[in-house]
There are 2 protein chains.
Amino acid sequence: MTTATLSVSEICLAAREASRGLATVDRAAKDAALEAIAVALINRTPEILAQNAIDMEAGHQAGLSTALLDRLELNPQRIAAMADGVREVIALKDPVGECIEEISRPNGLRIRKVTVALGVVAVVYEARPNVTIDAAALAVKSGNAIVLRGSSAAAHSNAILAAVASEAIASAGLPEAAISLVAGGGRDELKELATQDSIVDIIIPRGGESLKAALSAVATVPVIYAASGNCHIYVHSDADLSAAKAIILNAKTQRPGVCNAAETLLVHRDIAAEFLPQTLGALAEAGVELRVDSRARALAPDLANSTVEAIDEDWEREFLDLILAVAVVDSEQEAINHINRHGSGHSEAIITTDPEVGQRFQLGVDAACVYVNASTRFTDGFEFGMGAEIGISTQKLHARGPIGLSELCTYKYLVDGDGQVRP
Amino acid sequence: MTTATLSVSEICLAAREASRGLATVDRAAKDAALEAIAVALINRTPEILAQNAIDMEAGHQAGLSTALLDRLELNPQRIAAMADGVREVIALKDPVGECIEEISRPNGLRIRKVTVALGVVAVVYEARPNVTIDAAALAVKSGNAIVLRGSSAAAHSNAILAAVASEAIASAGLPEAAISLVAGGGRDELKELATQDSIVDIIIPRGGESLKAALSAVATVPVIYAASGNCHIYVHSDADLSAAKAIILNAKTQRPGVCNAAETLLVHRDIAAEFLPQTLGALAEAGVELRVDSRARALAPDLANSTVEAIDEDWEREFLDLILAVAVVDSEQEAINHINRHGSGHSEAIITTDPEVGQRFQLGVDAACVYVNASTRFTDGFEFGMGAEIGISTQKLHARGPIGLSELCTYKYLVDGDGQVRP
């Protein structure tokens, strides 16, 4: 929707109105609207690139880093990939209208608990413009109106992408206001968005800790944080050490900048002397900076030059980089305690050959995803078979783990009677 | 737990610690602890009555209303009823450890989505002391530690009840700190409790709008409001008018002080002339004060003395009393729009003989429970077959409708592999 002249609250009210219509639209109509978005992205590629060029030029002038400019840049291949992403969402099943539970009561009442759209979903995100389309597609499929608030660095790119998407769904008969973008990227707009109680049903921020802090200070709308991951790999005394080595190397180095990468390695004392020197050597060779506790350091004297002594803060850090904290623990329970104290409740793994030990770890560790003998890097909507997601929640309420189509829904109870009154 | 000397944050930390142990306890141990509570309530009745007498005496001196004193008063029958309530919770199935979904991935990963306790649940409530036991029993059964914060008027009663319950579960081998009571009833304690992020997992207030306002201003812990109900009955043009009359009489008068009682009656214009005079007459006879719009008033000239003209605020009010707002509408869609604009998303009903009209109403109305041909008074954990509940949520996130054992749980993903790493 063209929203440049509307206030945040006007945009949200229009989205609320649009959400009423969208909530009861059937799958065919939603999929047709998504296909219209995919087609429009390809057809309007020149317009999108022209607007993106304005952001890129401003980014160059503002001295944005190469990494940020790369995140910001669009090209025909990236736009085609967005269109493909929309078509992947078309292929997912409709999350709305599923009967989760059916209860027949002795008095003849029939109660069905049925999934329905949440209503209005707001997504707050940083530079990458493709989130505009990814999030909009998930919202349309789940019958929600979406209010997007990107960063000012991507303002022109986001505006044209949101316009392309909302005009496309309007051409397919859905309300144009079901997809809209808040124009300003400032803290005032963020606060106004985060306080639209009973108009916006949920805010999902995708971004770092500063965005989280800014939101939690002001939000009265419920927030689900697609939050940070301080993930651990614990190698138990009976572990297959070659599997353990492969898993920690994968979890740390395959893509270190993401939330499901490992940040701390915990090793049982009984196998530490055998496991640590070779594994730390391989990690160091892969370019990983190692912050190790004194026990681990003593076991790998050859690596004295490749390691530094860990400080307390290292156990809390999400490095998002080729840095790993390493500690030796005396028991499985000490590993569980360490993880529950320092972890962020994202993804945690144990390497063990004893299924009972694995099960106890899965029960005892308080996190969204608890692995036995696998890399934490699998925590992801696609890897879980759920399809596209908006992020990974480390909260316990409503959505824990990947936030996909089902998590963008709530439920209601439909109760059918034939005149029942309460005695 | 004896908590008089501990600060709110110390109580919460002890509860968090206790919750780790409780989360993995099996059903038999939890049920045994609940049985110990039921037995202790009976055995320690004299102590409980002695402490309650102190609150009653203070209440008399403070000039509490008869209604409030009645809510506060305990006697052997009421204590026995609490014990019975605990035994009803024993009979409910364990909500923890249920596999909601199982996914096998092509790479051999097995992913199970399993229900687990939330961790630490805080319940904030007003005078009635039995909530202490009801809420504690639900928490123990769902593997959660609970922090209770009652009103100062019931301080002695709540303290002895919490002590009886926590000592009973300790005697059965569960951590005593799994049930504790915040001593002070002031706003400072409320604020401290509501800001224990990452220690307390959820706060459930049971109380009026002032408690809700006090909490939403300060809470950083997620809150689920067991909130107010502005419930509607809409009588469609094809309704069975005698069923409609029985339902509105039941929904308004059977127990007017509760959240699932009806507050507004909407009537389709085509049957208003036939339906309204007799139904309004019956309601007036039952002692209901009628606040009617001008169209309805014109149709019931004989009732001019029993009705007053509705003002705008009447459509928004949860009267919780023998008062009913009444309006004539031109269409089913106007009724849906009225409800979505003015309702609180609790319980809404249509009376119609056309299943398609009923279905459209159920789809279009945005509320926790949407009825066709039944009284809204059935929105209740027991009436829904879920057993005891802490309240009715009008929120859309996590829990909508009755907040029972399942809603006191979250889930985690347990992922089992044999060495998988991400390519």
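Two residues are taken to be in contact if their C-beta atoms, placed from the backbone, lie within 7 Å. In the predicted model, the contact between the two chains draws 54 residues from chain B and 54 residues from chain A. On the side of chain B that touches chain A, the elements giving two or more residues are helix 10 (241–253), helix 14 (355–364), strand 13 (369–374) and strand 16 (409–420). Of these, strand 16 of chain B supplies the largest share, 11 residues. By residue class, the side of chain B that touches chain A comprises 25 nonpolar, 18 polar and 11 charged residues.

The contact also includes strand pairing across the two chains. Strand 16 (residues 409–420) of chain A is joined to strand 13 of chain B by 5 bridges, and the two run in the parallel sense. Within this pairing, A:Leu414 has B:Val370, in strand 13 of chain B, as its bridge partner.

The arrangement of the copies was then examined.

Within chain B, an open sheet of 4 strands has the order 5-4-3-6, with parallel pairing. From one strand to the next, the twist averages 20°.

At one end of this order, strand 4 (residues 145–149) and strand 5 of chain B run parallel and are joined by 3 bridges. Here B:Ile146 stands opposite B:Ile179 in strand 5 of chain B. Helix 7 (residues 155–171) of chain B packs on the sheet and touches both strand 4 and strand 5 of chain B. The direction of helix 7 makes about 160° with that of strand 5 of chain B.

Note on methods:
Residues are numbered from 1 along each chain as its sequence is written. Chains are lettered from A and ligands numbered from 1 in the order in which they are written. This is a predicted model: local features need pLDDT of at least 70, side-chain atom pairs count only at pLDDT 80 or more; totals for chains, interfaces and linings use all residues. Ala, Val, Leu, Ile, Met, Phe, Trp, Tyr, Cys and Pro count as nonpolar, Asp, Glu, Lys and Arg as charged, and the others, Gly among them, as polar. Two strands pair if DSSP finds at least two bridges between them. Axes are lines fitted to C-alpha atoms, for helices over the stretch in contact, and angles run from 0 to 180 degrees between N-to-C directions.
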